[in-house]
Amino acid sequence: MPTAKHKSILSAAGAYVVLLPLAVITLVPFVWLVTSAFKSREQFFGSMFLPRGDGLLGVDWAALTLENFTRLFSEIAIGRALLNSLFLSSVTALLATLCCAAGGYALAMYKFKGRGICLAIVLAALIVPAPLLIAPGYQVLFKLGLLDTYTGLILPGIAPAFGVFLFRQSVLQSVPPELLEAGRLDGCGELGIFARVVLPLLRPMTGAFLMITFLAMWNNFIGPQIVLQSPDKQPLSVAIAQLKGVYYEDYGLMMAGTLVSVAPVAVLFLLLQRDFVSGLTLGAVK
Amino acid sequence: MTATRHGRFAPYLFLAPFLAVFAVFVAYPLAQSVVLSTRQMFGPTASTYVGLDNFRFLLQDPLFHKAVRNTLVFTAGSLFIQLPVALGLALLLDRPGLRGRNALRLVFFAPQLVGLVFLAVMASVIFQKRTGVLNQILEEVLGDRLGWVLQSGPWLDYPWLESQVMWALILSALWMYAGLNMVYFLAALQNVDRSLKEAASIDGAGVVRRFFAVTLPAITPVAGFVVLLSVVGSLQLFELPYILLNAGGGPDNQGLTIVTYLYQSGFETGDLGYASAIGWVLAIMLAVFTLLQRFVLRGRNA
């Protein structure tokens, strides 16, 4: 049917007419972020994106500078904040993924006394709004002597209820109970079965969850802002927010700091992209 | 199940981290927040009992009223601007033959990777007047053809961060979250029966008719979930305005949100009691919205 085909080509063209400008609008802040990070204070106001000149593509490439980045690392010691962020995010992501996978596995595959209560606790914890816990949580950390420690920041986040719940669903969906029996008959211990049989089967979910928890800690601001006090313990989120307070007129420097904070996450996402998207849709549909 | 002696303890061992963290960092603080909400605190430990005075004061506190109003405006922005955009993107991208579909999805999803803190820092420069890239682009594209919709003057001088704070917040969040919600909607659209859509099309149903008769019913369960997530997230808005507006509510508290006020009360004023009371009012608002969503969805399905 030629008419139907024409119609579908037309509607595809219609889709592009809307989608492409929106894609450009979505990308503009990124392009602007990257170009601003390489501009000196004077050039910042000279051009919207790249400074115009006689170089390749009509751009004055020589005018670009790494000055913002060298200042970030020498004057502001952003390197330490970067390491803090990497440490906090990877430790939290690993622990949370392990604890949630273990908890979800127990709820999905074992029959034991108190299972119903445990499941009810998970579901109840899901609906507790985080802001409600800010003030009393601070008090708990104060009483435990965990203020201004990494432990105080990491520990409350190592077993989020939504993770336990997600992994329970994921285990029910992708771990066949017969396989566990086979493992037991082969003399594998319960921990061994979890580590060698169950975890590998949960692959798309673990990838997605690692990514989610890593991102959550990387972008966490209120947590470190409340728990950590020493400047040298602060992760990038707090360091960059403070940078904004002090250097608010130094746009190039602020954008370089933002770029340093966003780039590692973007790289990680591109590496884990496939797991992430399939895990995300798995969680959304089921 | 062959429960060996070892195996009998395994599930408890596996659940131990969750249960321990839940007890210490969720259950106990939750109970404690009830106690705290009846006290006026001076720092983390010193306090006096004030009964329900915190709540009484909240009801008359003009700043809290402002915070609630701003938060609701932002929530409305998420529901009535951001979600339709996200659904529109998903519908346009949900055609198998479309070239560059995956690349476009990635582009729209990418802002999600920028954390709210970093978005706030970017936005603080993007929304500047004169030097901000947004006004520069508006000036270039629209020139003085429109003036500014409301007053006259060059776009370059448009004072987003002085008098249009809520719009700056809504637009920033639109950039960041539309792509995330698009992913949810795309997943939901997998549930649409294609043959039903074709049948409707053969029967002469137009695009709009097909959307309401076939697509919408199929995505309602996920759409309801996305609406709920959006409302719950919007009501808890904090980082974006707090950092964008220099650690506060901005000029004349135009961008003060409920959680910003909670944070200021608890950690700047140092009254964890009042902060807990704010937390409970927020929790009640969240509960009301959740029940409302259930009620509406159930009405739909019946």
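**Figure 1. Chain B and the confidence of its prediction.** In this predicted model, chain B has an average pLDDT of 89, and 93% of the residues in chain B score at least 70. For the complex, the predictor reports an ipTM of 0.88 and a pTM of 0.90. Where pLDDT is low, the coordinates of a prediction should not be read in detail.

**Figure 2. The fold of chain B.** Chain B contains 13 helices and two strands. The C-alpha trace of chain B extends over about 75 × 70 × 35 Å along its principal axes. Of the 302 residues in chain B, 41% are buried. When contacts in chain B between residues at least 6 apart in sequence are considered, 69% of them join residues at least 24 apart.

**Figure 3. The contact between chain B and chain A.** Chain B contributes 68 residues to this contact, and chain A contributes 68 residues. On the side of chain B that touches chain A, the elements giving two or more residues include helix 1 (5-36), helix 4 (101-109), helix 5 (116-126) and helix 6 (133-142) of chain B. Further along chain B, helix 8 (165-189), helix 11 (239-244), helix 12 (258-268) and helix 13 (272-301) also give two or more residues to that side.

Figure 4. Helix 1 of chain B gives the most to the side of chain B that touches chain A, supplying 19 residues. By residue type, this side of chain B comprises 50 nonpolar, 16 polar and two charged residues.

Definitions and conventions:
Residues numbered from 1 in each chain as written. Chains lettered and ligands numbered in written order. Predicted model: local features only at pLDDT ≥ 70, side-chain atom pairs only at ≥ 80, totals over all residues. pLDDT = per-residue confidence, 0-100. Contact = placed C-beta atoms within 7 Å. Helix = DSSP H or I, 4+ residues; strand = E, 2+ residues; numbered from the N terminus. Nonpolar A, V, L, I, M, F, W, Y, C, P; charged D, E, K, R; others polar. Buried ≥ 20, exposed ≤ 12 C-beta atoms within 10 Å, placed from the backbone.
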